[in-house]
Number of protein chains: 2
Amino acid sequence: MKFASLRNGSRDGQLVLVSRDLRRAVDAAHIAPTLQAALENWVELEPQLQALYAQLQAGHAEDAFDFDPAQALAPLPRSHQFVDASAFLNHGRIMDEAYKLTIKKTPGMSVMVPRQGDDFRGPRGDYEFPDVEDQCDFEGEFAAITDDVPMGATPEQAQAHIRLITFIDDVSMRKHLIREIQIGFGLIQAKPATIFAPVAVTPDELGEAWQNGRVALDMRVARNGKAFGHPNGREMDWSFGELIAQVAYNRRLRAGFVLGSGTVSNRTYREVGSACLAEQRAVETIDHGEARTPFVQFGESLQFEVLDDAGASVFGAIDVRFVQAARAAG
Amino acid sequence: MKFASLRNGSRDGQLVLVSRDLRRAVDAAHIAPTLQAALENWVELEPQLQALYAQLQAGHAEDAFDFDPAQALAPLPRSHQFVDASAFLNHGRIMDEAYKLTIKKTPGMSVMVPRQGDDFRGPRGDYEFPDVEDQCDFEGEFAAITDDVPMGATPEQAQAHIRLITFIDDVSMRKHLIREIQIGFGLIQAKPATIFAPVAVTPDELGEAWQNGRVALDMRVARNGKAFGHPNGREMDWSFGELIAQVAYNRRLRAGFVLGSGTVSNRTYREVGSACLAEQRAVETIDHGEARTPFVQFGESLQFEVLDDAGASVFGAIDVRFVQAARAAG
């Protein structure tokens, strides 16, 4: 199944099922008014949602309409818990080499970044930030969304609670990142609101690309419409189940929990490129002694998309323009 | 006004208004079904809520009933964004002196800790954690809850969006804290679910104890019923408005945002004691070269309460027992 939440004036949007080819949609609000509500009652509601999805796929769903990603909020417009992993160790290796970092990682465990879930952004429109001196960057990542996961869940148990997969642009302000890592208690100004793909899909929609709890597809990133990088998700050093279990060690994870993979990064980065500027700039620093690629400036746009082996878009595309924030109105 | 959310089988509970003396309550669900809903429409709904509260105070509210804190969830049982500050610098000074820490704080800014909001705990019952070797501790803190705060809000603007004040026990696992601070990306296993007082109150309920955006009342902490410490909230080094504005620098804060003060700590700590074990243990380390107070063991209970100048409980009491977690059921 594929899900989106459409603008309807509410904070959670209107839940719709979207056809596999992303062309058509049908209102699912009579089954669950919001994706949050669907996740809270997933096991009960899944058969009805599957039946409606089958009708939509067969072209028999009443009141189906054309799906317009410009009307989409984030699939889950807000979450009560969002944790971002750093599960592609290749990214860390490049950063460490370029900047002689000495981050004391715990052996066998991914770095985890607690994040805010109150203002997930949809896939189109403008993204405001106050100052280009903050060094605006992007990070193309995959993300898993769960229903309730009990405390102490094993990786296998945790993986069985993954109900949806999507991708995100984890917008990052690099100037604040270095400062906040040195403080050591977490990232605030380094990590403003996160941008989501228009559609989240059940793992079965990925077919053979859902491999060992990883998304074995390319994260295609473009800057101002020009290809930037396309690393593949299969090199994730932990499965989503393992990452979720790490977080669940001494806490319950409640329905709507979002776990990000960290920026997708491959050992073949010299061929496939990167999913964030920081990594590209680190490679330039290793090669030339200095970074040459500038951070995101006001007026630039970024595009992210994930295609299946047949070249079809799986989650729809992010295409967002970055602009200067207006002053607060009070 | 004073608010609580009572158990009704739902994740958000049933919104009630509670009388100033915490004895009586009345259902407010016909005005707003949940506290989250009230916060999303605060300006519109406040007059109706005030009218009902006036009836309750006058003893005229129909269907009023005895308030039982054992039936209370957290006042806001879940939030889409919870950030915990560290706004009592005295606490950091003691920790730095005892353990020769060299945390690189940003001058003029509080340390901020992004946290999870999906599983806030109510004021009674058992709190499960897996292992006493994790070094279970408590932190008595005040907390502010806002409606929507725009990006870039000034401290004055941010303070005007504070709708409710409450207090929390920020449960902490010290063994993981040191490890996770060294990694530098945020706290996960160090900071499991947070326990809330039964009642949240509008700032006007604090009367003269609401001073410059601070709660000038003692945080009374007891361990197994025996007094442990009672530091006062007036020594907070930033106002709640300043702390919230710091977080809002480059992000919108959406209704239901929770900002914790960090553990309450006073310069007169040798007279008033501490609101967490870590600080008490640090004082012992300074005095005796070693910590003597043990961390929380299975079977222990903790009590927190805040009294006004007349000796009346403002938010009700936390009284929770700490027990070993059962294994995950799947």
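**View 1. A salt bridge links A:Glu40 to B:Arg11.** In this predicted model, the closest N and O atoms of the two residues sit 3.8 Å apart. The rule for a salt bridge is a side-chain nitrogen of Lys or Arg within 4 Å of a carboxyl oxygen of Asp or Glu, and it finds eight across the interface of chain A and chain B. Local features need pLDDT of at least 70, and side-chain atom pairs count only at pLDDT 80 or more, while totals for chains, interfaces and linings use all residues. Residues are numbered from 1 along each chain as its sequence is written, chains are lettered from A in the order in which they are written, and side-chain values use heavy atoms, leaving out hydrogens and water.

**View 2. Chain A meets chain B.** Here 62 residues of chain A touch 62 of chain B (contact: heavy atoms within 4.5 Å). About 5600 Å² is buried between them, 54% of it from carbon and sulfur atoms; that is accessible area (1.4 Å probe) lost on being put together, summed over both parts. A:Arg11, A:His80 and A:Phe185 supply 15% of what chain A buries against chain B, more than any other three residues.

**View 3. Five strands of chain A make an open, mixed sheet.** The order is β7-β20-β19-β16-β17, with strands being DSSP runs (E, at least two residues) numbered from the N terminus and pairing needing at least two bridges. β7 (124-129) and β17 (226-229) stand at the edges with a single partner strand each, so one side of each has no neighbour in the sheet.

**View 4. β16 and β19 of chain A pair up, antiparallel.** Four bridges join residues 220-223 to residues 301-305, and A:Arg220 stands opposite A:Glu305.

Definitions and conventions. Buried area is the accessible area (1.4 Å probe) that two parts lose on being put together, summed over both.
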